[in-house]
Amino acid sequence: MSASHPFLARLGISHPIIQAPMAGTATPALAAAVSNAGGLGSLGIGASTVEQARRMIQETRALTSQPFNVNVFCHAAAQRDAAREAAWVDYLAPLFAEVGATLPTSLEEIYPTFVGDEAALNMLLEERPAVVSFHFGLPPAAHLAALRQAGIVTLATATNLQEARLIEQAGGDAVIAQGIEAGGHRGIFDPDGNDERLPTAVLTRLLVRELSVPVIAAGGIMDGAGIRAMLDLGAAAAQLGTAFILCPESAANAAYRQNLKSERAATTRLTSALSGRPARGIVNQIIARGEAADAPAVAPYPVAYDAAKQLHAVAARQDNHEFAAHWAGQGAPLAREFDAATLVRTLVGELTQAR
Ligand SMILES: Cc1cc2nc3c(=O)[nH]c(=O)nc-3n(C[C@H](O)[C@H](O)[C@H](O)COP(=O)(O)O)c2cc1C
């Protein structure tokens, strides 16, 4: 029953469940366990070097013979502005002082974009994962075509109809409809443009009606009833991120897990304060300061992320996690602590009952 959409056969999976790629949190063990359980496991390599990414793919392949997804970031290179960056660091200075950290004198673009990255493209063409997905935009047409010619199924995140149409026109095999509820970075192509902030259900329905490619719903989906609701709206599958963070196979550290299991999980914010692009996470001290009315313009992505990570690195050594990126969606209070295979099995059971 759950394999009803023909796109699942194309992906080579039994259940309409995709474990979201989560750079820094998804691991080969998590992705492989989800794929072995009949869903689609995903790796996020947006924060990895080409060689680290290749190793993650090979490790995953050693743990599963099933298809899995590899996700890359397609953001535009940062528009560097020394005065804006200095003003941002200056604004964070009291937080650096609080933990005794040295204020950075310069910041780096810590994550390269996949756009135009021939080395990363060639690695993917060599490793040939079954699925590759794009976040924050699309790669050049020739790179997308090369992946498809290699037999790789391509997915890309859209937060509105315009982005979804661009993905369809570019030849993407399916569109991930990411609603405002979603945890982690919003896949919006232009973070400085207007954002209608559509919820997952509205966006999914809109894209199902307007596109001819399959739609995958993402954002706030935490259980089988949530997946069923999205399938009823016409989605081919659901992509869940926050629901998988508490799995023992994820890379989330003890503080992240504790936060997600606490009452604080009910208060998430979509904020650019941590990384320079909008992302949803559990509110902490750096988010509160970044969102304050007198905050200056945040440094661009991923330059601001460099500042936040430097601050967090020092604070974490003092067991202070108020500057960490504890990404989570609005469904966070519904997160459950299961190993990945049990979670997939539970979701499938609930989905079957939610008729
Ligand atoms: C910890 C975390 C990290 C994420 N990292 C990525 C990523 O690397 N690439 C990506 O395409 N999406 C990423 N996302 C967004 C997910 O793909 C997805 O849109 C989101 O998790 C769906 O909402 P949910 O968390 O409410 O299930 C991340 C989400 C979380 C929670």
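Thr268 is part of strand β10, which spans residues 268-271. The structure is a predicted model, and the values below are computed from its atoms.

- The side chain of Thr268 is joined to the side chain of Arg280 by a polar contact of 3.2 Å.
- When neighbours within four places in sequence are left aside, Thr268 is in contact with Arg280, Gly281, Ile282 and Val283, and also with Ala328, Gly329 and Gln330.

**The ligand and its surroundings**

- The ligand sits in the largest pocket, and the elements that contribute two or more residues to the shell around the ligand are β3 (68-73) and β9 (237-240).
- There are 23 residues around the ligand, of which Pro21, Asn71, Gly220, Gly241 and Thr242 come nearest.
- In the side chain of Asn71, an N or O atom is 2.7 Å from a nitrogen atom of the ligand.
- Gln178 places a polar side-chain atom 3.0 Å from an oxygen atom of the ligand, while in the case of Ala23 it is a backbone N or O atom that lies 3.0 Å from a ligand oxygen atom.
- On its own the ligand has 590 Å² of accessible area, and the protein covers 98% of this area.

**Asn36 in helix α2**

- Asn36 belongs to helix α2, made up of residues 28-36.
- The relative accessible area of Asn36 is 45%, and because this value falls between the cut-offs of 20% and 50%, the residue is described as partly exposed.
- Although Asn36 and Gln66 are 30 residues apart in sequence, their C-alpha atoms are 6.3 Å apart in space.
- Not counting residues up to four places away in sequence, Asn36 touches Leu63, Thr64, Ser65 and Gln66.

**Backbone features in loops**

- The peptide bond that leads from Tyr301 to Pro302 is cis, with an omega near -10°, and Pro302 is found in the loop between α11 (285-290) and α12 (303-316).
- Arg197, a residue other than glycine, has a positive phi near 55°, and Arg197 lies in the loop that runs between β7 (184-185) and α8 (200-210).
- With a relative accessible area of 46%, Arg197 is partly exposed.
- Asp319 is not a glycine either, yet its phi is positive, at about 60°, and the position of Asp319 is in the loop between α12 and α13 (340-353).
- Asp319 has a relative accessible area of 63%, and because this is over the 50% cut-off, Asp319 is classed as exposed.

Conventions
Residues are numbered from 1 along each chain as its sequence is written. This is a predicted model: local features need pLDDT of at least 70, side-chain atom pairs count only at pLDDT 80 or more; totals for chains, interfaces and linings use all residues. Side-chain values use heavy atoms; hydrogens and water are left out. Helices (H or I, at least four residues) and strands (E, at least two) are DSSP runs, numbered from the N terminus. A polar contact is a pair of N or O atoms within 3.5 Å; within protein, one must be able to donate a hydrogen and the other to accept it, and residues adjacent in sequence count only if both atoms are side-chain atoms. Contact means heavy atoms within 4.5 Å. A residue is near a molecule or strand if one of its heavy atoms lies within 4 Å of it. Accessible areas come from the Shrake-Rupley method with a 1.4 Å probe; for residues, only the protein chains shown count as cover. On a 1 Å grid over the protein atoms alone, a cavity is a set of points where a 1.4 Å probe fits but cannot get out, and a pocket is an open set with protein on both sides within 12 Å along at least five of seven lines; lining residues have an atom within 4 Å of a point. A molecule sits in a cavity or pocket if more than half of its atoms lie within 2 Å of its grid points. Buried means under 20% relative accessible area, exposed over 50%, partly exposed in between (1.4 Å probe, protein chains only).
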